[in-house]
Amino acid sequence: MKIRFYKDIDGGRWLGFIIAMIATLILSDANVDTQWIGWALGCVSCCMWVYYGWKDGDTPRALMEVMYLTLSLRAVYNWITG
């Protein structure tokens, strides 16, 4: 398996990571009223990671993020309409 070393990791990857961490913190909180915000932030983070997955040619990672993005969108819809 080839390990990719990035000479210049752009700030977008770090921003996606930070957004994912914030989403996880919100989702792990017991407050049901704010969980939709965590799912919405998860959607933003997933969109970023799908882009980077396709950009890097890492199809399995991009497809995994597409699956998570789909489930996150479903969760946001359920929280808003429920």
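My entries follow, residue by residue.

**Entry on S72.** I kept in mind that this is a predicted model. I began with the place of S72, which is in helix α3, spanning residues 59-81. Is S72 buried or exposed? I found a relative accessibility of 0%, so S72 counts as buried. Next I looked for its contacts, leaving aside neighbours within four places in sequence. That left me with W39, G42 and C43.

**Entry on S28.** I then turned to S28 and found it in the loop between α1 (11-27) and α2 (35-56). S28 counts as exposed because its relative accessibility is 58%, and the cut-off for that class is over 50%. I also checked S28 against G38: ten residues separate them in sequence, and their C-alpha atoms are 8.9 Å apart in space.

**Entry on the cysteines.** How many disulfides does the whole structure hold? My search of it came back with zero. C46, accordingly, is in no disulfide, and the nearest cysteine sulfur, in C43, is 6.8 Å away. I noted C46 as buried, because its relative accessibility is 2%.

With 44% relative accessibility, C47 counts as partly exposed.

Note on methods:
Residues numbered from 1 in each chain as written. Predicted model: local features only at pLDDT ≥ 70, side-chain atom pairs only at ≥ 80, totals over all residues. Heavy atoms only, no water. Helix = DSSP H or I, 4+ residues; strand = E, 2+ residues; numbered from the N terminus. Buried < 20%, exposed > 50% of the residue type's maximum accessible area, 1.4 Å probe, protein only. Contact = heavy atoms within 4.5 Å. Disulfide = S-S within 2.5 Å.
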